[in-house]
Amino acid sequence: MAEVNLVESTWETNYNAVAIEKDPLTETRFLFKFRDAVILVKKAFSRNKFYRFNSLKQYIPTLNSLNEFMTADNWLGNIRLYARVSNGSPALNRKQQLKAVEQYLTFVQKQIINNYHRQRGTKRFIPVPIKFLIRDYQKKVAKHFNKSVSEMILPYSMKNKPWFVFEEAIVDKLEKSLVDLIGSFVERLSQKYSQIYLFRNDERNTNFKLHQFKGQTTHYAGFMPDFILYLQNKDFCYQIYIEPKGPQLLDQDQWKQELLESIRPENIELVGENDQVKLYGVKFFTYNDGRNVEQEIENLP
């Protein structure tokens with residue numbers, strides 16, 4: 001239960017149905033459940049910048065959408081909103097109902113901010129068998145495109161390339177250029193490593209995420225590096241995280257590169273593994289390998 005005061009323009013809540021002393025000149029009226037007034041709630045959201053999805057996501061990393069926040073039982077959906085009004089006053093019009101919603105959302109905003117605990121990823125990596133992470137998947141590929149050629153996601157056959165773990169690479173132009181780059185020096189890698197596999201990391205098949213664990217945490221939802229390169233020889237097993245990045249995203253996603261470059265054997269702890277397993281992140285892969293990812297992989301210590 002949540003109650004707002006439209007008499008004095010203040011808010012108060014009564015989550016546990018504890019009686020609140022009332023002014024005898026006022027009465028309390030039930031307005032609606034939040035999930036039953038989505039249009040009104042959306043209007044209130046639009047008038048408060050805190051309730052933009054990107055803003056809420058910073059405080060609630062597990063949130064998937066604004067609609068979830070408005071309608072799910074574990075968020076606002078099941079909240080019953082009441083308003084304290086003057087005795088005998090007419091039914092609240094839409095403007096007054098909107099005011100009631102906005103007052104309650106102001107309270108919720110303060111609660112979220114005051115109870116927010118900043119957390120970051122751990123430097124402890126726990127091994128999981130690949131067979132439990134990698135699964136075959138499908139992806140819809142449009143026949144008609146409104147995007148530029150570089151943004152088109154297309155399937156490319158990889159049946160004759162045993163180092164790629166799927167029969168098709170379903171990728172855009174930049175991602176395809178990375179796959180081609182790895183293919184261009186697989187033969188050289190095979191002189192050092194007996195096993196070479198490139199995995200496409202995708203929410204449909206692996207859902208493997210990295211989270212910041214060094215320095216100041218700025219992004220709590222983490223990110224999924226697009227590719228994982230697995231290399232093994234008689235001495236070491238390497239797992240290398242690679243993220244292709246277009247020039248328009250280099251600056252805003254710089255935190256991702258910093259996270260990747262912080263993944264070094266000396267910075268992390270592998271639970272239950274020995275020192276023969278080594279994890280690395282490399283610089284962003286850009287067109288024409290402008291950041292020398294190939295050299296970085298070939299020169300692994």
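Visitor: Across which strands does H5 lie, and at about what angle does H5 run to S9?

Guide: H5 lies across S8, S9 and S10, and its direction is about 10° to that of S9. Contact here means heavy atoms within 4.5 Å, and angles run from 0 to 180 degrees between N-to-C directions, with axes fitted to C-alpha atoms, for helices over the stretch in contact. This is a predicted model, in which local features need pLDDT of at least 70 and side-chain atom pairs count only at pLDDT 80 or more, while totals for chains, interfaces and linings use all residues. Residues are numbered from 1 along each chain as its sequence is written, and side-chain values use heavy atoms, with hydrogens and water left out.

Visitor: What makes residues 173–184 a helix, and what span does H5 reach?

Guide: Helices are DSSP runs of H or I with at least four residues, and strands are runs of E with at least two, numbered from the N terminus. H5 has 12 residues and reaches 16 Å from its first C-alpha to its last, close to the expected 16 Å. The expected span is 1.5 Å times one less than the number of residues.

Visitor: Why is the contact of Asp 180 and Lys 176 called a salt bridge?

Guide: The term requires a side-chain nitrogen of Lys or Arg within 4 Å of a carboxyl oxygen of Asp or Glu. The N to O distance between Asp 180 and Lys 176 is 2.8 Å, so the pair meets the rule. These two residues are four apart in helix H5, and therefore about one helical turn separates them.

Visitor: Is Lys 176 buried or exposed?

Guide: Buried means under 20% relative accessible area, exposed over 50%, and partly exposed in between, with a 1.4 Å probe and protein chains only. Lys 176 has 17% and is therefore buried, whereas Asp 180, at 41%, counts as partly exposed.

Visitor: Why does Arg 29 count as buried?

Guide: Its relative accessibility is 19%, so Arg 29 counts as buried. Its salt-bridge partner at 3.2 Å is Glu 27, which is partly exposed at 27%.

Visitor: Which residues are linked with Lys 256 in a network of salt bridges?

Guide: The network joins Glu 243, Lys 245, Asp 253 and Lys 256. Within it, the closest N and O atoms of Lys 256 and Asp 253 are 3.6 Å apart, and both residues are buried.

Visitor: How do you know that S9 and S10 pair, and over how many bridges?

Guide: Two strands pair if DSSP finds at least two bridges between them. S9 and S10 have six, in the antiparallel sense, so they pair by this rule.
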